[in-house]
Amino acid sequence: MSDQPDWTTPIRAVHVRHGTQTACGGIAIVLADVEPHAAYAFTARFDGRPPGPADLRQECVEGFADGMRTELARLCGGQPPPVRVVLRRILVHDVDSSAAINRAAGRLAALEAVRRATDGRPAP
């Protein structure tokens, strides 16, 4: 077991469901991979086009990316680790999606990635 996350092995299928559909706070459902990379990077590479209007889709992706980067940096000593986060799927719904709920999902995805990169132990 290691105290430090091992970012040399890809972490596949980080799935997060946060919030509740039709509730005031909204819902976010995302699926992402975390891959070794020279420096921190984020990309969205969808399997098909996600539903919803393009501007809301962009807002949700940016919210997720911000939450993921911010939380990874917090958990890893102030700087995000040398990984590429690949967003594979994101729920986009005209009423129930927002940047804020996806930002929270990004933070949860970062926690899960760090947990899996530290031999399955909870993130700090």
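The questions and answers below take a predicted model and set its values against the cut-offs behind the words.

Q: What makes up the chain, and in which pattern do the helices and strands come?
A: The chain has 2 helices and 4 strands. Following the sequence, they come as β-β-β-α-β-α.

Q: How do you know whether the radius of gyration agrees with that of a compact globule?
A: For 124 residues, the rule for a compact globule gives a radius near 14 Å, and the chain has 14 Å, so the two agree. Along the principal axes, the C-alpha atoms fill a box of roughly 45 × 25 × 20 Å.

Q: What share of the contacts in the chain joins residues at least 24 apart?
A: Taking contacts between residues at least 6 apart in sequence, 75% join residues at least 24 apart.

Q: Why is the pair D66 and R103 called a salt bridge?
A: The closest N and O atoms of D66 and R103 are 3.0 Å apart, and the limit is 4 Å, so the pair qualifies. This bridge links distant parts of the chain: D66 sits in helix α1 (residues 54-75) and R103 in helix α2 (residues 99-117), 37 residues apart. As background, side chains of opposite charge can pair when their charged atoms come close.

Q: Why do D66 and R103 count as partly exposed?
A: Partly exposed covers what lies between the buried limit of 20% and the exposed limit of 50%. D66 has 25% relative accessibility and R103 has 30%, so both belong in that class.

Q: What makes R74 and E71 a salt bridge, and where do they lie?
A: Their side chains meet at 2.7 Å, N to O, which is within 4 Å. Both residues lie in helix α1, 3 residues apart, or about one turn of the helix. An α-helix has 3.6 residues a turn, so residues three or four places apart point the same way.

Q: Are R74 and E71 buried or exposed, and how do you know?
A: R74 has 53% relative accessibility, and the limit for exposed is over 50%, so R74 is exposed. E71 has 8%, which is under 20%, so E71 is buried.

Q: How do you know that R115 and E112 form a salt bridge?
A: The closest N and O atoms of R115 and E112 are 2.7 Å apart, again within 4 Å. The two residues are 3 apart in helix α2, so about one helical turn separates them. R115, at 29%, counts as partly exposed, and so does E112, at 22%.

Q: How many salt bridges are there, and which residues are linked in a network?
A: The count comes to 10 salt bridges. R12, D33, E35, R84 and R88 are linked in a network of them.

Q: How do you know whether the span of α2 agrees with its number of residues?
A: At 1.5 Å a residue, the 19 residues of α2 should span 27 Å, and its end C-alpha atoms are 26 Å apart, which agrees. Buried residues of α2 include A99, I101, A105, G106 and V114. The buried residues of this helix pack against β1, β2 (27-36), α1 and β4 (83-90). Just after α2, D119 takes a positive phi of about 60°.

Q: What is the phi of A13, and why is A13 called partly exposed?
A: A13 has a positive phi of about 55°, although it is not a glycine, and it is placed in strand β1 (residues 11-19). Its relative accessible area is 44%, so A13 is partly exposed.

Q: Which residues does H15 touch?
A: H15, also in strand β1, touches I29, V30 and L31, leaving out residues up to four places away in sequence. H15 and R88 are 73 residues apart in sequence and 9.9 Å apart in space, C-alpha to C-alpha.

Notes:
Residues are numbered from 1 along each chain as its sequence is written. This is a predicted model: local features need pLDDT of at least 70, side-chain atom pairs count only at pLDDT 80 or more; totals for chains, interfaces and linings use all residues. Side-chain values use heavy atoms; hydrogens and water are left out. Buried means under 20% relative accessible area, exposed over 50%, partly exposed in between (1.4 Å probe, protein chains only). The radius of gyration is taken over C-alpha atoms; the globule rule is 2.2 Å times the number of residues to the power 0.38. Contact means heavy atoms within 4.5 Å. The expected span of a helix is 1.5 Å times one less than its number of residues.
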